[in-house]
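Please prepare a briefing on charged side-chain pairing in the model shown below.

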Amino acid sequence: MNKLIKKLNDFNELVMFKHSIFSLPFIFIAMVVSAQGWFGFKLLFLGILAALTARNFAMGFNRFMDRDIDALNPRTINRPNVDGRISPTSMFIFVLLNAIGFVAVAYFVNDLALYLSIPILIIIGSYSYFKRFSFLAHIILGISLGLAPIAGVVAVTETIPFWAIILSLGVMFWVAGFDLLYSLQDIEVDKKLGLHSIPSKFGVEKTMFISKVFHALTVFFWLLFVVFSDSSYFAYVAVVLSALMLAYEHYLVNKDFKKIDKAFFTVNGYLGIIFFILIVLDNIFF
């Protein structure tokens with residue numbers, strides 16, 4: 001039993017399960033807005049399974065492909081994919097099972113979800129390759145998580161309305177923006193290993209400026225989402241609070257690079273949860 005628990009903890013560390021908090025709220029935001037309220041226990045269960053299998057696939061595949069890179073980075077050298085706690089074979093099986101699981105969940109959702117399942121897996125898996133030849137990898141990561149609202153609305157209505165696309169664009173720039181800040185930690189390693197990233201190509205100051213632009217676009221697209229989805233007061237409050245939290249995130253990083261982890265996980269984690277709660281309240285009272 002102890003060995004099993006240890007192995008589960010290793011896989012939890014491998015895929016950084018706690019970071020699921022970034023995509024889950026926006027899947028359910030799209031589902032709540034689509035259904036104009038409660039969307040049912042079946043879709044709640046399937047939505048959680050779809051989010052977890054998709055993310056496990058993406059993170060597992062990334063760790064599998066990045067074994068050589070992570071072994072040369074002091075920040076990542078103790079990850080389970082590098083230090084031998086999880087073998088390449090085990091990682092490959094884990095990735096394959098989650099890919100199959102995601103497609104299976106999509107089958108039980110609806111036809112459009114099933115048709116989109118393979119393309120979604122290809123997109124979220126491509127991030128691992130982009131950093132090897134293009135600094136646009138940050139955008140690819142943003143697109144990967146930006147698919148979450150699309151998946152949510154497809155699950156409920158089997159359509160992709162305009163407001164869902166706008167919401168997804170906001171999520172894309174949100175994720176790309178905070179990934180830029182997070183990647184500042186690896187700027188020297190990226191240069192040394194010849195990896196492509198915005199920080200290694202443009203430097204710290206320009207990266208922080210680009211991140212600010214991305215987060216300004218985030219607020220803009222989320223504001224448009226509120227307008228085109230006919231949401232009301234609580235949704236506008238969600239956008240305002242998001243803008244304040246993103247500003248605070250940049251304040252933390254500008255003040256001290258050692259606070260990047262706090263800015264990355266804590267602030268963005270709360271942002272998604274608060275946004276979701278306010279959208280739920282908006283649908284309850286308006």
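Which residue forms a salt bridge with Asp-66, and how far apart are the closest N and O atoms? The partner is Lys-131, with the closest N and O atoms 2.6 Å apart; a salt bridge here is a side-chain nitrogen of Lys or Arg within 4 Å of a carboxyl oxygen of Asp or Glu. The model is predicted, so local features need pLDDT of at least 70 and side-chain atom pairs count only at pLDDT 80 or more, while totals for chains, interfaces and linings use all residues. Residues are numbered from 1 along each chain as its sequence is written, and side-chain values use heavy atoms, with hydrogens and water left out.

**Salt bridges**
- Five salt bridges are found in a search of the whole structure.
- Arg-132 also pairs with Asp-66, at 3.3 Å between the closest N and O atoms.
- A further salt bridge joins Arg-132 to Asp-68 (3.6 Å, N to O).
- Through shared partners, Asp-66, Asp-68, Lys-131 and Arg-132 form one network.

**Placement in the chain**
- Lys-131 lies in the loop between helix H6 (111–130) and helix H7 (137–157), and Asp-66 in the loop between helix H3 (41–65) and helix H4 (67–70), so their pair ties together parts 65 residues apart in sequence.
- Helices are DSSP runs (H or I, at least four residues), numbered from the N terminus.

**Accessibility**
- Lys-131 and Asp-66 are both buried, where buried means under 20% relative accessible area, exposed over 50% and partly exposed in between (1.4 Å probe, protein chains only).
- Asp-66 has a relative accessible area of 3%.
- Arg-132, at 32% relative accessibility, is partly exposed.
- Asp-68 is partly exposed at 43%.

Definitions and conventions. Helix = DSSP H or I, 4+ residues; strand = E, 2+ residues; numbered from the N terminus.
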